[in-house]
Amino acid sequence: MTIFNLYIFDKMGTLMHYAEWNRTKKSGITREEEAKLTYGMLFSIKSFVSKISPHDPREGFLYYKTNRYALHYLETPSGLKFVLNTDTAAINVKELLQQLYAKVWVEYVVRDPLWTPGTVVTSELFQTKLDEFIKQSPIFGIRNI
């Protein structure tokens, strides 16, 4: 199992933070363009799921899977959106994203007196703690190609 990359968006769709670990294929576009495409896709999928679901979609859209990767999604009550791309064998990713929010985002971003809500996260401490958290997770690994 492996983790490829992580996007963190605010409620307005601004890319707050991006990190990657085992991503082998680049998109060929800028990170900003890729983030806009990713956010737009999430917006469309969420809308589609809420309209077409035969049941009350309380949790809404959580993930989608292709034959090559899976995109996992967590939206917090404040509107932060965490998007984690993994291989298709990854399990318990919802719990991992919830822990990432509580143990890393809240501890090292929200409680950082130098960070202003709505601005891009540039804290090296946050990046270090995020990297440690991801690399210690059971789904982190080097992809066997």
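In this predicted model, one aromatic cluster is formed by Phe82, Tyr101, Trp105, Trp115 and Phe126. The count of aromatic pairs comes to eight. Tyr64 is buried, because its relative accessibility of 18% falls under the 20% limit. Tyr69, with a relative accessible area of 28%, is partly exposed.

A further edge-to-face pair is made by Trp105 and Trp115, at 5.8 Å centre to centre and with 80 degrees between the planes. This pair links distant parts of the chain. Trp105 belongs to helix α2 (residues 93-110), whereas Trp115 sits in the loop between α2 and α3 (124-136), and the two are 10 residues apart. Trp105 has a relative accessible area of 2% and is therefore buried. Trp115 also counts as buried, at 17% relative accessibility. Both residues are members of the aromatic cluster given above.

When neighbours within four places in sequence are left aside, Thr76 is in contact with Phe82 and Tyr101. Thr76 is located in the loop between β4 (70-75) and β5. At 6% relative accessibility, this threonine counts as buried. The side chain of Thr76 also makes a polar contact, at 3.0 Å, with the side chain of Ser78.

Another loop, between β5 (81-86) and α2, holds Asn92. The phi angle of Asn92 is near 60 degrees, which is a positive value in a residue other than glycine. Asn92 is exposed, because its relative accessible area of 53% is over 50%.

Lys51 lies in helix α1 (residues 31-52). With 68% relative accessibility, Lys51 counts as exposed. Between Lys51 and Arg111 there are 60 residues in sequence and 37 Å in space, taken from C-alpha to C-alpha.

Rolling a probe the size of a water molecule over the atoms shows where empty space is left. The largest pocket has a volume of about 600 Å³. Its lining is made up of 20 residues, of which Asn5, Arg23, Lys25, Tyr69 and Asn85 are the closest to the centre. Two or more lining residues are given by β1 (3-9) and by α1. The most comes from α1, with four residues. By class, the lining of the largest pocket comprises nine nonpolar, five polar and six charged residues.

The second largest pocket has a volume of about 200 Å³. This pocket is lined by 13 residues, and those closest to its centre are Tyr63, His72, Ala90, Val93 and Lys94. The elements that give two or more residues to this lining are β3 (63-65), β4 and α2. Helix α2 is also the helix that holds Trp105. The lining of the second largest pocket is divided by class into eight nonpolar, three polar and two charged residues.

Methods: Residues numbered from 1 in each chain as written. Predicted model: local features only at pLDDT ≥ 70, side-chain atom pairs only at ≥ 80, totals over all residues. Heavy atoms only, no water. Phe/Tyr/Trp six-rings, centres within 6.5 Å; stacked < 30°, edge-to-face > 60°. Buried < 20%, exposed > 50% of the residue type's maximum accessible area, 1.4 Å probe, protein only. Polar contact = N/O pair within 3.5 Å; in protein donor to acceptor, adjacent residues only side chain to side chain. Contact = heavy atoms within 4.5 Å. 1 Å grid on protein atoms, 1.4 Å probe; cavity = no way out; pocket = protein on both sides within 12 Å on 5 of 7 lines; lining within 4 Å. Points joined across faces, edges and corners; volume = space filled by probe spheres on them. Nonpolar A, V, L, I, M, F, W, Y, C, P; charged D, E, K, R; others polar.
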